[in-house]
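Have the sequence and the 3D view side by side as you read.

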Amino acid sequence: MKALRHLPNVITLLRLVAAPAAFWLIGVGEMAPAFWLFVIAAATDAVDGALARLTGAQSVIGSYLDALADKVLLVGIYLSLGLQGFLGVWLVSLVVGRDLLLIVFAAVLHFQGVQKKIEPLRISKVNTFVQILLAAVVLGHHGLGWFPAAAVGPLCGIVAVSTVLSAVAYLVAWWPRLLWWRE
């Protein structure tokens, strides 16, 4: 069991390594392999967390690595899909802007000594899921012809709403902690 303690972080690191390969595949128009690599990388998000809980290997570094891997994978996929014209600039800007906001807030809280471990909110987990779903649908449509183009528009709307709700929820949860100078 002790040997398994590092496996969740290894899986997370593999997701970090797979992400640039998926971006490159999208950039060169290899959408089918990009789809499969993205789906596998996205699935590791659930696997590493479940494995960490099962083995008692949850750690502060693991929470940061997991959050970093999620941000790199999703932001990179959205940027790649946006650059190829498969997603609108408005949606890519919204997704990337939210994640940049969260990174800045988390860094401020960390350096203030207020927050040591990253705990995602439920709405953030929903947001991550729908962002993954949209990216998979876009990649699957363009790479394998599996999903109808008509599914993309409504999913973009759902991603936009969940992204805004997630950003607002984090602002509400973290804002009082950011006002450390008023204490």
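Start with the largest pocket, which holds about 1,200 Å³ of space. A pocket here is an open set of points on a 1 Å grid over the protein atoms alone, with protein on both sides within 12 Å along at least five of seven lines, and lining residues have an atom within 4 Å of a point. Grid points are joined across faces, edges and corners, and a volume is the space filled by probe spheres set on the points. Keep in mind that this is a predicted model, where local features need pLDDT of at least 70, side-chain atom pairs count only at pLDDT 80 or more, and totals for chains, interfaces and linings use all residues. Residues are numbered from 1 along each chain as its sequence is written, and side-chain values use heavy atoms, with hydrogens and water left out.

So what lines the largest pocket? There are 41 lining residues, and Ser 63, Asp 66, Ala 67, Asp 70 and Pro 120 lie nearest the centre. At least two lining residues come from each of helix 1, helix 2, helix 3, helix 4, helix 5 (122-144) and helix 6 (152-178); helices are DSSP runs of H or I, at least four residues, numbered from the N terminus. By type, the lining splits into 21 nonpolar, 10 polar and 10 charged residues. In that count Ala, Val, Leu, Ile, Met, Phe, Trp, Tyr, Cys and Pro are nonpolar, Asp, Glu, Lys and Arg are charged, and the others, Gly among them, are polar.

Now look at Arg 15. Its side chain meets that of Asp 66 in a salt bridge, 2.6 Å from N to O (a side-chain nitrogen of Lys or Arg within 4 Å of a carboxyl oxygen of Asp or Glu). This pair links distant parts of the chain, with Asp 66 in helix 3 (residues 60-83) and Arg 15 in helix 1, 51 residues apart. Asp 45 also forms a salt bridge with Arg 15, the closest N and O atoms being 3.6 Å apart. Asp 45 sits in helix 2 (residues 31-55) and Arg 15 in helix 1 (residues 7-27), so this pair ties together parts that are 30 residues apart in sequence. Arg 15 is buried, at a relative accessible area of 1%; buried means under 20%, exposed over 50% and partly exposed in between, with a 1.4 Å probe and protein chains only. Zoom out and you'll find Arg 15, Asp 45, Asp 48, Asp 66 and Asp 70 linked in a network of salt bridges.

Arg 15 and Asp 45 are among the residues lining the second largest cavity, which has about 30 Å³ of space; a cavity is a set of grid points where a 1.4 Å probe fits but cannot get out. The largest cavity, about 40 Å³, is lined by Asp 70, Lys 71, Leu 74, Arg 98, Asp 99, Thr 128 and Gln 131.

That brings us to helix 4 (residues 89-111), which has 23 residues and reaches 32 Å from its first C-alpha to its last, close to the 33 Å expected (1.5 Å times one less than the number of residues). Here Asp 99 forms a salt bridge with Arg 98, with the closest N and O atoms 2.4 Å apart, and both residues are buried. After the helix comes Gly 113, whose phi is positive, near 80°.
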